[in-house]
Amino acid sequence: MTPTPPTLLVLDADPPPRLGRLTGRARIVHTDAERLAERLPGADVLLVWDFTSHAVREAWPGDGPRPRWVHTASAGVDHLMCPELAASDTVVTNARGIFDQPIAEYVAALVLAAAKDLPRTLEYQRERTWRHRETRRVAGTRACVVGSGPIGRAIARTLKALGVTTALVGRVSRTGVNGPDDLDRLISRADWVIAAAPLTDRTYRMFDTHRFGVMQPSAFFVNVGRGGLVDEEALARALTRRWIAGAALDVFAAEPLPGDSPLWELPGLVVSPHMSGDTVGWRDELGVQFVELYERWAAGRSLLNVVDKTCGYVPGH
């Protein structure tokens with residue numbers, strides 16, 4: 001008798017993942033958030049393709065039957081972690097490695113655009129205004145990158161290639177990485193402060209009134225980590241009162257950003273719709289990564305990108 005293949009439950013988003021390579025090797029069931037709770041107990045594997053959804057936290061079955069493995073098509077796992085999942089023996093993996101260089105390039109583009117005053121150049125062009133200005137040199141400036149994982153390290157490498165002296169800050173101090181106790185000192189000297197940390201209890205709203213007050217008036221702040229890293233009201237005050245020169249947010253506490261949010265019109269703020277890691281073909285890369293992980297799992301081999309559920313990220317960086 002042919003064994004029944006494992007049940008793979010996919011929390012869908014549009015467009016759905018391409019899983020043709022798993023035909024015959026998995027019983028693939030697609031679901032939306034409303035039916036997730038009733039279908040979770042019968043699944044062996046859960047693919048959280050809709051990584052903007054918080055449905056897993058709300059639907060996780062606790063002590064009942066549950067998937068043995070959950071994979072999220074994102075770097076962060078804060079949208080799905082709950083105490084019951086953290087306490088279970090279910091393995092959680094993420095999409096580590098897919099977004100590192102695209103996000104690093106996006107950050108470099110923001111730094112160059114801010115230094116060279118490109119937003120105002122485009123504004124003057126629309127106005128047909130010829131206004132000569134002097135712009136900043138990027139080489140020789142200083143950056144502090146908060147988050148020492150693969151994304152943070154890729155950002156640091158890319159900025160260094162532009163001649164920027166870059167310091168990394170991580171959860172603990174080690175060779176090449178500064179610890180949390182060094183953060184205030186480093187951001188007080190930085191021209192560019194980049195937030196690329198995971199969202200945990202320790203990092204929630206770590207950029208607050210105090211941190212923006214420590215930064216130089218000429219500093220530019222970028223958040224490509226999670227919206228919850230930033231106290232958005234404190235950032236609004238810092239920009240309005242010109243404590244810092246400018247900022248760029250690619251992630252927000254509420255997404256999509258509501259149309260009536262004051263952040264849209266803050267002076268010196270660049271708003272982008274959570275797109276820093278999304279390059280052409282990124283969904284296909286996520287699908288290929290999951291299929292390769294599934295093949296390892298089905299063969300009984302150890303999984304890659306295993307998240308430490310108590311910390312909220314993949315350890316070892």
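Here is a short walk through a few spots in this predicted model. Residues are numbered from 1 along each chain as its sequence is written, and side-chain values use heavy atoms, leaving out hydrogens and water. Because the model is predicted, local features need pLDDT of at least 70 and side-chain atom pairs count only at pLDDT 80 or more, while totals for chains, interfaces and linings use all residues.

Let's start with Arg226, in the loop between strand E9 (220–223) and helix H9 (232–240); helices (H or I, at least four residues) and strands (E, at least two) are DSSP runs, numbered from the N terminus. With a relative accessible area of 17%, Arg226 is buried (under 20%; exposed is over 50%, partly exposed in between, with a 1.4 Å probe and protein chains only). Leaving aside neighbours within four places in sequence, the residues in contact with Arg226 include Ser74, Asp78 and His274, where contact means heavy atoms within 4.5 Å.

Now look at helix H4 (residues 100–115) and helix H6 (residues 150–161). They pack at an angle of about 45 degrees, with axes 8 Å apart; axes are lines fitted to C-alpha atoms, for helices over the stretch in contact, and angles run from 0 to 180 degrees between N-to-C directions. On the H4 side, Ile103 and Val107 are among the residues that meet H6.

Next up is the backbone. The peptide bond from Asp14 to Pro15 is cis, with omega near 0 degrees, and another cis bond joins Glu255 and Pro256, with omega about -5 degrees. Asp117 isn't a glycine, yet has a positive phi of about 60 degrees; Asp117 sits in the loop between H4 and helix H5 (118–127).
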